[in-house]
Amino acid sequence: MNPRILGVVGLIAALTFAIPTATATTGSKSATRAAANTLTVWLQIDAQSSWPDLVASTNREFERRYPGWTVDVQYASWPDHLQKFDATLAGGSPPDVKEMGNTEMTKYMAAGAFTNLSADKKTFANSKNWLGGLAASTTYNGKLYGVPYYAGSRVVTYRTDLFTRAKVKVPKTLAQYTQVARKLRAQNGKRSFSPVYIAGKDWYVGMGFVYDYGGRIAIFKGGKWAGALNSPRAIAGLNAFKRFFTVASRASKTTIETRPNPYDVYAQGNAASMIGPAWFTCCVGKFKAETKQFVMPSHTRGKVMPGFLGGSDLAIPARSDAKPQAKTWIRIFTNTQSEKTLQAKGNIPNATNLLGKSINERAAARSWFVPTAKNWVNVENANVLRTMLSDILTGKASVQKAATTASKSITRMLNR
Amino acid sequence: MTAETQLPPPPLPVETRPPAPPRRRRRRRAGQTLWNLLGLALLVLMAFPVYWMISTAFKPDDDINGFTPTWLPTHPTLDHFREAMSRPFFWDGIKNSVIIVSVTVLVSMVLAFFAAVALAKFRFTGLKLFIVLMIGIQMLPQAGLIIPLYVVLARYGQVNTLTGVTITYMTFVLPFTVWTLRGFLLGIPRELEEAAMVDGSTRVGAFVRILLPLVAPGLVATSIFAFITSWNEYIFARVLLNDQGKQTATVWLSYFYGTSKHTDWGALMAGSTLIAIPVVIFFLIVQRRIAFGLTAGAVRG
Amino acid sequence: MSSTEAPGGAAFAAEAPLPRRRRPHTATRLFRGAVPYALILPVLAAVAAILGYPLYRLVRISFEQYGLFELIQRKGIPVGWENYSSVLHDPVFWDTLVRTVIFTIANVALTMVLGTLIALLLVRVSAVVRVLLTSGLVLVWAMPPVVAVQVWLWMTNYENGVLNYALTKLRLGDYFQHDWYATPFSQLALSTTLIVWGAIPFVVLTIYAGLAQVPRELVEAAEVDGARSWRIFKDVTAPILKPILLILTSLAIIWDFGVFTQPFLLIGQSNIQESNYLMGIYLFEEGYSKSDFGRGAAISILMLLIVALLSVFYVRKMLRLGDLR
C-alpha cells in the first residue's frame, strides 16, 4: 500500500479515534470517589487555619455515629472554588458537603445544584432562630437548600487616643459621628488623614446608609424584580452617605475597599477610624493598644446602622449519594456547641438565640442582605453599585441620576 | 574530501581567541564596558519588581505597610520564611511540582524534537495540516477547556492524580514546543548541515545525532519555557487535584491569598521566593548550553 | 563555493547536478514513507487523546443553550446560531475587539522590539554580566502572575507606592495620591507594561538562543570585510533569525490577544467595566462569570477565528519557509 495514503489514513484515524462518539452524559459515578464509605466535605481554607479543632471533633463524632465511614475534608480558597465546583458538577462526582458564600448560594439553588432540605429543617439546631441574612440565602422558592454556618458583620474600629485628644466620645447617632469627624479633622489637617476611612466605591458601607433610611436595592413584586435605588428613601440614604463621606473620608473616590486595605491606612496613622469587618483589629500595626470598636450608629437614635451580613452556608449537592450521612455531618458541625466554638473565634453564630454581646454580634442586630435573585451575581460583577457610588461622590452624576441609572441596570439584569 | 568543500577551521571559543591587534582590542574593551553598564542598568530596571518581592519577604510587617517605601530591608527577619515553610503541605507541594514538571519537560522535549524534525526536514501528506494544528491549538482560549478536560480525565479516572495533571500539561506544552523547535531547525544554516552530512551517514540515528547539537540552544530555550509554564500553571492544577497532599506548589501558594481575611504579604512573598528557587536552579543548569562556539564544535566533531 | 555536488555522492540520491542552484534539501528522498508519520504520531496521539473531546465539546456547546442549570443536568439545549448571533450583535463585542487589536499591536511591537534589542545586547556584554542579566530575566519570568501583579500594585499604589513616591521626589510632577487606575487608558497602559515586562525574558532568551546558531565565522568574515553592525544584522543575522522572529511574533499575537490574568488582576474585578474590556476579560465576564457556558464557547471559537486571521500572515510565512528547502 502506498505509504503516503497509509499515513493519511493513520492521521485521520488518530484524530477520530480519540473523540468518543457517545454524548457527554455520564450516568454512573466516576472513579473519583475514593472508597465506598467516604464522606467528602469541601470547606474553605478559613476552617483549616482558624478552627481546625472544630473540624477534627466533628469528624470524630461523625465517625462514632457511622462506624466504618471516614471523612475526607478538602479545603478550597475563595477566588476560584466555584470553578472547581462547576467542573465536578459537570463531570465527576461532586462533594457531599459544600461550603458556599451566602451571596453565591442563590445562583446555584436556582440551577438545582443542591438537595432540598425542607423536610429536615427541624433536625438542624436552632433552625427556628436562624439569622435573617443567612436564612434568606438558604431559601429559594420557599424551599430550604442549605444550612447557615457562620456570619460576620461590619463595625467601626477606632483609635481611642485620637478620640481622647479631640475630646470626643463614641457617637450614638450618625449626626454625632459627623461632629466627631469634624473635630478629628480639626485636630489633624494632613492631606492624607481621614477621620473615618471609607473608600469611595465601598458599596457595603454605602448601601448600609440606604437601608438605614428605609431604602432597598431591589424589590420583588408581581413575579418580577425592580431596582429600587431611585426611591425617595434610598435617595435620602445616598445623600446622607455623600454628606458623611465628604466630611469624614479622604480616601480616593474611585477606588475600592481593598485597594488599599483600610487597616493598612489605619496602621500608617492616616485614619482615626474605619468601617469594616471585626477582624480588622488583626492588622493595626503599632496602634494595637489604642484600638477599640463600636457599632456604626444609625441616623436614628438608639439604633444600629444595618451592616452587611457576610457569611457562609453549607449545602448538599443533589448528586451526592451519601445524603443521610452528609446531613448528619452538617448537624454536628452547626449544633449549638459548634456554633459557640465559632463564636469564640470571633464569628457571629448562625442563630439569634446564640448571639452574645460582642461588638460584632451587636452590629448584627440590624443587617441587610443582597436581593436573593439568581442573577444578582451579575449585578455585582458588573460593578453597578460601585460605579453609582463613585459617580455620586465625584460629582459625575447627581444622586438622582446615578440612582436611576443603577436601578434601570439592576432591573434589566435581575429579570434576564 | 576535497579542499573546496572543507570549511575553514572553526574559530576557537571566544575566550581563547588569539589576541587581536592592540588598538582593536582597546576599542573593543571600551565598547564592552559601555555595553556592560547598559546591561546592568537594564538588569536593575527589569528585576526591580523581583527585588521588591524578595526584599519584602525579609521585611518586618511594619515596613511592608509603611507609608514611605523602605528601599532596603534594614531590619531583615526570617519570620516570614519560617511562617511560609510551616504552612501545611509545603514540601509536598514542591515535591509534586518537581515530579510533574520534570516528567512534562523531559517527555515533551523528546516527543517534540522528533515531531519538529519531521516537520522541518521532511515532506509528507498532512504536513501542513499538522503544522496548522500545532499553532491552531494555541489559539484556543484555555478557559473554555477546563470543564471538558475535567470530564475527559474523570472518565479515564485521572482526576486527583499527578499523571492526569502531567498529561494535561504535556498537551499544552507540546504544540508550542513543536512549533518553536521547527523554527530552530529551519534556522540552521545549510552549510553546517551539509558539512555534517559529508560524513556520509545515512541512518536516522546518526542524522538525529547531528541535528541535536545544532539545535541545542533551541532545545534549551524551549525547555526553559516548558519548565516555567508548567511550574507556574495554576488553574488546571487547582481544578484537577483535590487532596492537599497531591497539590502543586502554586496551589499551595494560593492559600496565602485565598482566605476571606487579610493576606499575610510577608509570608506570601517568602513563599513565592521559595518556589522560584527550583526554576532558577534548572535555568542555571541548562543555560550553559546556549553559547557561541557550540555549533562550530559540533561541525568539527 | 561553487560545487553542490558533494563528493560523498553515496549520501545523496543520484541526480543530475543542478548547476549554480542550491539543490532542495534531499533528506526527503532518503527516508520514505513511514518515518515522518512515526515521528509525529506520539505528539498527535497525546494531543488528540486529551484535547480531542474537549475541543469537540466546546464546539458543540457553542451551539447550545448551556448555563449552570444545563451543566448540572449534563445536557444542553440546541439553539443553532443563537449564541454566535447574540455575541456578534453585541456592540460591546465590537468595541472590545477594536480595543484589543490596538492593545495587541502595542504589546507585540514593544515586546518584539525590546526583546530583540536586549538579545543583541546580551551578545555584546561580558560573560559575567550576561549570566547576571539572564538570571534576572529568568527570575522575572518565574514570578507567578498573582505575585507579579501584587508587586505591581504595591509599586503603583496611590497611597504609598514607590512609583508615585519616586516621580514626586524626582519633581516630575505632583503624583501624590495619583490613582493610576482611574481611567481606562491608564489601566490598560499599566497592563501593557506588566505584560511586556513579563514577556520580554522569553523573547530575549529565545532570540539569544537563535543568535547562538549564527556561525561566528560568517559574522567575523563580514566584519573583516568592513561591514557595519546594521549591515551585518541585516545580511547575516536576520535571515537566520527569521523563522524565530516569525514564531515569536505569531505567539505573541496569540497570547496578547487573549490575555486575561494580568489585566484582570491588575485592574481589579471592581474596576472592570465595558470601557476597559479586553477580549480575554470579555470572554470571562460574558461567558464564565455569568455561567453562560454556551456563550463562552461561542466567544472562544470567535476569538480563535479572529486570532487566526490576525496571525495568518506570520503563520503562512512559517509554512512557506519549510517549502523553500
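Which hand does the crossing of α3(A) and α12(A) have? What you see is a predicted model, in which local features need a pLDDT of at least 70, side-chain atom pairs count only at pLDDT 80 or more, and totals for chains, interfaces and linings use all residues. Residues are numbered from 1 along each chain as its sequence is written, while chains are lettered from A and ligands numbered from 1 in the order in which they are written.

Let us start with confidence. The model scores ipTM 0.81 and pTM 0.85. The pLDDT is the predictor's confidence in each residue, from 0 to 100. Chain B has a mean pLDDT of 81, with 78% of its residues at 70 or more. Its residues 1-22 are below 50, and this stretch has 28 contacts beyond near neighbours in sequence. Two residues are in contact if their C-beta atoms, placed from the backbone, lie within 7 Å. Residues 292-301 of chain B are also below 50, with 25 such contacts in the model. Chain C averages 83, and 88% of its residues score at least 70. Within chain C, confidence is lowest in helix α1 (residues 27-30), at a mean of 45, and highest in helix α4 (residues 82-88), at 95. Helices (H or I, at least four residues) and strands (E, at least two) are DSSP runs, numbered from the N terminus.

Now turn to chain A, which is assigned domain 1 (38-152 + 310-368) and domain 2 (154-308 + 375-414). Such bounds come from an automatic or database domain assignment. The C-alpha centres of these two domains of chain A lie 29 Å apart. Their contact takes 14 residues from domain 1 and 19 residues from domain 2. On the domain 1 side, the elements giving two or more residues are α5 (105-110), α14 (359-363) and β14 (367-368) of chain A. The largest share of that side, four residues, comes from α14(A).

Back to the helices of our opening question. Helix α3 (residues 52-65) of chain A packs against helix α12 (residues 323-333) of chain A at an angle of about 135°, with their axes 9 Å apart. This makes α3(A) oblique to α12(A). Axes are lines fitted to C-alpha atoms, for helices over the stretch in contact, and angles run from 0 to 180 degrees between N-to-C directions. Angles under 35 degrees count as roughly parallel, over 145 as roughly antiparallel, 65 to 115 as roughly perpendicular and the rest as oblique. And the answer: the crossing of α3(A) and α12(A) is right-handed. A crossing is left-handed if the near helix is turned anticlockwise from the far one by less than a right angle, and right-handed if clockwise. Among the residues that meet here are A:Phe62 in α3(A) and A:Trp329 in α12(A).

Helix α6 (residues 127-142) and helix α9 (residues 184-211) of chain C pack at about 130°, with axes 8 Å apart. They are therefore oblique to each other, and α6(C) passes α9(C) in a left-handed crossing. Residues meeting here include C:Trp141 in α6(C) and C:Trp197 in α9(C).

Finally, visit two loops of chain A. A cis peptide bond, with omega about 0°, joins A:Arg259 and A:Pro260; A:Pro260 lies in the loop between α10 (232-248) and α11 (262-267) of chain A. A:Asn141 is not a glycine, yet has a positive phi of about 50°.
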